[in-house]
Amino acid sequence: MKDSLVTLDQVYFAYEADKPILSNVSINIKQGKITAIMGGSGSGKTTVLRLISGQITADQGKVTIFNQEINQLSRRKILNLRQHIGMLFQFGALFTDMTVAENVGFPLMENTNLPESLINKIVAMKLEAVGLTGTQAMSTNQLSGGMARRVALARAVALDPELMLYDEPFTGLDPISLNVTAMLIKKLNGNLGQTAILVSHDIEATLKIADYIYFMANGQIIDHGTPEQVKNTSNPAVRQFINGDLGTSFSYKYPSKQSYEYYLGQQ
Amino acid sequence: MRITGLIEKLGQPFSSFIFMLGELARLLGLILSGILYSLKRPQLILKEVFFSGVLSILIIAVSGWFVGMVLGLQGYNTLQRFGSVSVLGSLVALSLLRELGPVLSAILFASRAGSGITAEIGLMKATEQLDAMDVMAVNPIQRVVAPKFLGGIIAVPLLTALFDSSGILGGHFVGVTLLKLDQGTFWSQMQGSVSLHDDVINGLIKAGIFGVIVSLISVYQGLLAKPTAEGVSSATTRTVVHSALAVLALDFILTAFMF
């Protein structure tokens with residue numbers, strides 16, 4: 001598709017042969033939009049992000065990003081590509097041996113030849129954008145969970161990436177920090193025209209900011225549409241997920257696997 | 001069936017060991033291919049030399065002092081029986097320079113700094129810091145692993161030199177200060193029997209090789225650590241055990257070739 005920045009075409013991925021994490025997954029991420037990938041824990045959402053960032057490669061199917069098929073790229077080209085991608089990790093993944101300023105300035109120090117004075121100015125601007133002006137000298141263990149997530153967000157957008165990947169950005173945040181984070185994601189998307197892929201299982205916050213939503217279950221896309229379409233969907237699994245019902249479409253029981261039968265045999 | 005099972009069980013540790021050697025060689029290759037990056041940023045290496053070297057100075061100096069004192073005491077008692085206490089200085093210096101200095105410094109380094117390196121890399125992996133770096137187009141092997149490896153290689157020979165010096169002073173304290181051996185005899189015997197090339201430099205070469213082995217094992221175990229508290233704990237234990245075994249085994253081989 002012409003306006004797609006990222007596409008996954010019939011992607012299959014498995015760490016172990018008999019346990020596919022993703023099977024036949026096709027996703028189109030439109031440029032300049034916030035696309036959410038939702039689903040329960042273990043549905044394969046984070047694996048999609050890891051495929052897009054080139055941390056893992058698909059066993060079958062195509063992953064195309066910025067019109068380049070990532071499976072075909074050399075390590076050097078993937079590294080070059082990553083300079084246009086920002087990623088916010090689930091728990092921030094801040095470098096614990098660095099201060100806030102060093103964390104935010106890290107991608108700039110490593111990937112650009114900008115003078116230190118300019119980097120310091122950019123760091124100050126990014127911290128201001130996430131509402132943390134003046135925290136430059138703080139160490140990461142002085143930050144609350146919400147502050148750490150916002151510092152990680154400032155670091156992820158330090159190079160003004162064209163594509164932002166958010167891995168469970170709302171997990172473990174209080175309602176105020178959660179809304180602040182959601183507002184920041186929306187603001188970054190609006191102000192910079194960034195394309196964003198948001199992996200989350202927080203219904204309320206995601207429906208509020210996403211332009212398009214894919215639903216995943218058991219490594220497959222089970223439904224997709226705009227937030228309105230998703231709210232009114234007739235898909236029982238999606239309805240169960242949105243309403244948090246115990247239902248039958250999603251099972252909380254881990255499926256019996258060959259390895260478990262083997263374990264039973266050992267007892 | 002039982003025999004094949006037994007053979008498999010006996011062979012598995014051996015094949016795992018060969019597999020580990022292959023992985024260590026591959027990691028060494030990756031580190032060496034990215035070494036230019038680290039050399040361009042000497043501040044990263046200096047930081048690691050500080051953490052693994054400077055912060056180990058106390059334990060190395062104190063251990064060296066006590067080892068030297070024990071050598072002095074044992075040597076004096078034994079040599080006295082043969083009326084050869086005059087060579088105590090040579091005995092202390094040669095034991096330390098050739099064997100005890102490099103071996104004990106490397107083992108102490110593995111316990112004090114190597115385990116720290118493993119824990120740090122293991123925790124960085126567990127908290128996705130290495131993944132974050134990779135996603136930011138920064139190679140974690142170049143940025144994190146190579147400086148730690150180089151820091152270890154620089155630190156171990158320097159710590160060995162400190163251990164040797166401190167040990168000789170410990171031997172001097174026992175032999176000369178406590179047991180009243182003649183000071184001139186102690187130092188002149190040492191000067192006469194210790195060769196700069198054969199003893200001092202060979203000892204430091206040994207220390208350099210141990211530095212490579214211990215640092216490589218430390219970073220390897222850190223990268224291999226399971227991202228759990230237990231995984232990191234096991235990895236640090238493995239660093240100390242594997243380093244000690246590797247150093248002792250390699251010491252025998254190096255001694256056979258060098259001296």
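1. Helix H4 (residues 57-81) of chain B packs against H5(B) at an angle of about 145°, and their axes lie 10 Å apart. Axes here are lines fitted to C-alpha atoms over the stretch in contact, and angles run from 0 to 180 degrees between N-to-C directions. Helices are DSSP runs (H or I, at least four residues), as are strands (E, at least two), numbered from the N terminus.

2. A note on the source. This is a predicted model: local features need pLDDT of at least 70, side-chain atom pairs count only at pLDDT 80 or more, and totals for chains, interfaces and linings use all residues. Residues are numbered from 1 along each chain as its sequence is written, while chains are lettered from A and ligands numbered from 1 in the order in which they are written.

3. Which residues of H4(B) meet H5(B)? Among them are Ile59(B), Val67(B) and Leu79(B). On the H5(B) side they meet residues including Leu88(B), Leu100(B) and Arg112(B). Contact means C-beta atoms, placed from the backbone, within 7 Å.

4. Glu120(B) is also in H5, which covers residues 88-126 of chain B. Is Glu120(B) buried or exposed? It counts as buried because it has 21 C-beta neighbours inside 10 Å. The cut-offs are 20 or more other C-beta atoms within 10 Å for buried, 12 or fewer for exposed, and partly exposed in between. Its C-alpha atom is 9.8 Å from that of Leu223(B), 103 residues away along the chain.

5. Chain A has ten helices and ten strands. Of its 267 residues, 37% are buried. Its C-alpha trace spans about 60 × 50 × 40 Å along the principal axes.

6. The two chains touch. Chain B gives ten residues to the contact and chain A gives 15 residues.

Conventions
Two residues are in contact if their C-beta atoms, placed from the backbone, lie within 7 Å.
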